[in-house]
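Hello,

Here is the structure I promised to pass on. My notes on it follow below.

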Amino acid sequence: MKRYSLMTVTMVVLMMASCTPATREVRSFDSGWKFSLGDHPGADAPGFADSAWRTLDVPHDWAFEADYHPDAAQTDKGGYKPGGIGWYRKRFDMPTSWQGKRVAIEFDAVFMNSEVWVNGHRLGKRPYGYISFAYDMTEHLKPGENVIAVRVDSSLEPAARWYHGCGIYGHVKLVVTDPLHVARDGVYVTTPKVTNDNASVAIETEITNDRPAATALVLETVLLDPQGKQVALDSKALDAEAGQTVTAKQTLRVAKPMRWDTDTPHLYKAVSRVKVGGAVVDETTTRFGIRTIRWDAATGFWLNGRNVKLKGVSDHLEAGPVGAAIPDELNRWKIQLLKDMGCNAIRVAHNPQVPAFYDLCDEMGMLVMDEIFDGWKRKAPHDYGAQAFDEWWERDLRDWLKRDRNHPCIVIWSVGNETHGDVAKDIVRVCHEVDPTRPVTSGSANPGDMDVIGINGGSEKMTFFKRPPPAKPFVSTEAPHTWQVRGYYRTQTWYRDGKDNKRQAPFPCPDLTDEEIFFYDWAPPGGDRNRKQIFNSSYDNAMVRITARKNWELMRDLPWHSGHFRWTGFDYLGEAGYVHGGWPFRAFMGGALDLAGFKKDLYYFYQSQWTDEPMVHILPHWTHPKMEPGTLVPVWVYSNADEVELFFNGKSLGKDKPGRRWDQMQCDWMVPWQPGKLEAVGYRNGKVVARAVQQTAGAPAALKVSASGERCPIVTVAQTDAAGVLNPYAENRVHYHVEGPARILSLESGNPVNTENNFGRASRATFFGLGRAFLQTTRDTGDITVTVGAICGEPQLLTSSKVHIDVQSVAVRGDALKRDVKVYYTLDGSAPTTSSTPYTGGFEVKLGTTVKAVVYDGDEKLFEMAERFASDQGLYWGSPDQAPEVVAETGDQAEAAKFEGAKVSTDGKHYHGKGFLDFGQNTGYVQWYQENDGTAGKFTLAIRYSGKAGGGRKGRVMKLTVNGEVVEPELFFKNTDDWGTSWATLKVDVKLKSGANTITLSTVGKGGVFIDELTVR
């Protein structure tokens, strides 16, 4: 009897379920796309043959997958990656349950000029590569198989001033709803009144009626607290005409609200149910936070009644290790690294991020300055400003605001960066219309039209702080600009534009030693190396105008200073030419973390100022194979302890206390160098709370391997000496072998001049001792083991001629496989086999030797390795009389600029860079791109040239054009003594605007002088 009753109950439940109208269905549409790079006319047709195309899942970024190349379409601006045209196609079946429903396809992000077809019917085009969009496909679907086709056109390059991805780099989903449904991005939640006892929650809900007739409906809105408990409910009856959208306004109250804050990111949910005749026909859930914000001219930014400094960073939409198609888990990893640094805010520069980014910031308590545009007109040759801004800006702006306005993490909108135009007033007006709860700012773009004044580089100048405080709330949208390469040091201060540049009005930063004590570099000086192509010191002494320490002191102590967004949080691909001369430099190195997410010394400076958990960090490292013993080395310790004691080989060198003044924020000692062990001990209230060690390392001899992460595991490899001490110069190639359901997304070490492809490779050299493999799992279950190996030793056998071979395995998920590892090697250049010498321990080699090895696990070959040891391998090791030239002010080489009608010549003497431009008897031009990250105004151009006119003429003329306007139709170049051997500099004053500028020299008639370089002062 009991069995019969159970069956009866089960049947009744199933019958009731089958009779209940289905609500919306959201289906991931990421997997199983066909892709082909190149244009394919007719690929929009359903019957187009795509069987030979590559099968992949999105998000996808074809630019990142491509090789770096000095002639790549994105140029130095995009880190020497390509653009191009690509097609995506996907087949899917339409179930019978969709009949009578509305079916939309939603794209989180596609770069750029995407066009979408379903079954051959064109749905539309979206030019902007950073906007989310959707199409209703209902009228063009059919029972059975359907075909989606997407054409992505980034053939016009450069399309941005930094690296951009190409393709469908965001998630795609299908959304199936009743014809009567909540509109896309149609729920708007605000919390206009919040106290500790009550919060009023105002909700506007747009409901679209695509039914053929008017419909009476009830909107039921339920609020759930962070634990999922219902805390409020409201119902509202509405009539929706056919083909119309109606808006319902409701106000609900929440007792004892839990505030969303940076340390307590409590998230509520608003569940919107559309009911007809008591049945739910559509349901959607919107997350929101209860919090208050206020911006004040005198006191800065306020969150939940608490005065908060914005300890922020700027970051582009790209993850250095994997390109633009960053998996959600890696986005979480990036944000968590910044949180651990003490960062509480991110500026998304200079365009929106993918939706998942904001969800993560909501969950993790990270404040966001959400930014929509870089320029309101052309800044890069073929960017959105050039291609589509005038026609599309308002639609894109409104779509962006509606998409993002419910995120509590977003505390301010930013609408432009170093751009100008009358359109500013209209942009701000639209922002206020769509979301009146947040103020609007920009990065030095029409600041007078903004609610909050945002200033980029100009907010770093000494002169800025000598003026009266701004009359409106203020934030440094892009400051400070400092550079540092992880593990690299110089004791001489470096200013990008020179320390005495009056226009930049830099703050002083004294040299740490009278003479430079570090002489190693990434490459030898001279030759064809551009003078700008230098690494920058991690002592916080390489900058445009201000150090990170001084910038923090000012924003900390000035009440009206809301905070800063330093440039940047992470190093990023692109913008490699302006500051650092371009190829082989592929990246901008202003981050607190490098391209691989490794922490620089700067990271620990911020941690010492912005966090409470006890920490101590020592710089520099203590391995200096070419340094004379006794050389005085500035030793800095960043710490948030009360005081720090430094020990060398167990002997105390005294205590120091971190100060509040910028030049006292680090504890410092001058320590005579000799091999040994530095240890810093931090004390609070007289008790030890933290320790850090820097120890002299021997030659690379072993690998230390670790893994973290789930869906996107990260395998970190450190090269150590035989005692397990990190060797801070190690640069041997590490090989990776993955077993189990995972693939290598990318290999990255943080080296800004390593132009090997990150994608599709199984080995990469470490950079200053460290390297990483970024993986992606292909199934949710199954053990994953990564085996790594390297031939370890000093490339130049500088202190040791011994070489070791190390192979290690790490369990990424589950249990590590048991290995029976055998290694065989050769020293004569021949390919190793199982008959070659078995590796049993370290062995001696001579310069000029190439060691080759093969690694087996039992009978299975895992990988082959090779490492050359010779005097021309690895880092350049200089000496005081061979030190690389570190020039504070360097020009932009003409041969690296855009030019036509000229050839690069080396037939001369005393020129800078790789050569100079010779126009011969041709007509032509040379055009430089100049980024002015300060204020607009008068600048001096210094043009280095050579030339001697014939026929008794005193010189030659060329035309000078700035930003498309002729400044000098006949700029006169006085004769030099000879062509190509004597050089002169012509100075001319011009006006440059804030942001992107172009400076063009053109021939007048045929021919011109030889052009070497341009310096802007």
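Charges come first. The chain carries 118 positive and 126 negative side chains, with Lys and Arg counted as positive, Asp and Glu as negative, and His and the chain ends left out. The centres of the two sets lie 2 Å apart, taking each charge at NZ of Lys, CZ of Arg, CG of Asp or CD of Glu.

Some background. This is a predicted model, where local features need pLDDT of at least 70, side-chain atom pairs count only at pLDDT 80 or more, and totals for chains, interfaces and linings use all residues. Numbering starts from 1 along each chain as its sequence is written, and side-chain values use heavy atoms, without hydrogens and water.

Now the overall build. The C-alpha trace spans about 95 × 75 × 70 Å along its principal axes. Of the 1017 residues, 61% are buried (under 20% relative accessible area, 1.4 Å probe, protein chains only).

Next, the cores. A nonpolar core is a set of buried Ala, Val, Leu, Ile, Met, Phe, Trp, Tyr and Cys residues joined through side-chain atoms within 4.5 Å. The largest has 178 residues. Trp33, Tyr88, Met137, Ile148, Trp376 and Leu397 touch the most other members. Helix H7 (residues 423-434) gives the most to this core: seven residues. Helices here are DSSP runs (H or I, at least four residues), numbered from the N terminus.

Look at Leu397. Beyond its neighbours within four places in sequence, Leu397 is in contact (heavy atoms within 4.5 Å) with Ile372, Phe373, Ile427, Val430 and Cys431. A second, separate core has 26 residues, including Trp928 and Phe973.

Best wishes

Note on methods. Buried means under 20% relative accessible area, exposed over 50%, partly exposed in between (1.4 Å probe, protein chains only). Helices (H or I, at least four residues) and strands (E, at least two) are DSSP runs, numbered from the N terminus.
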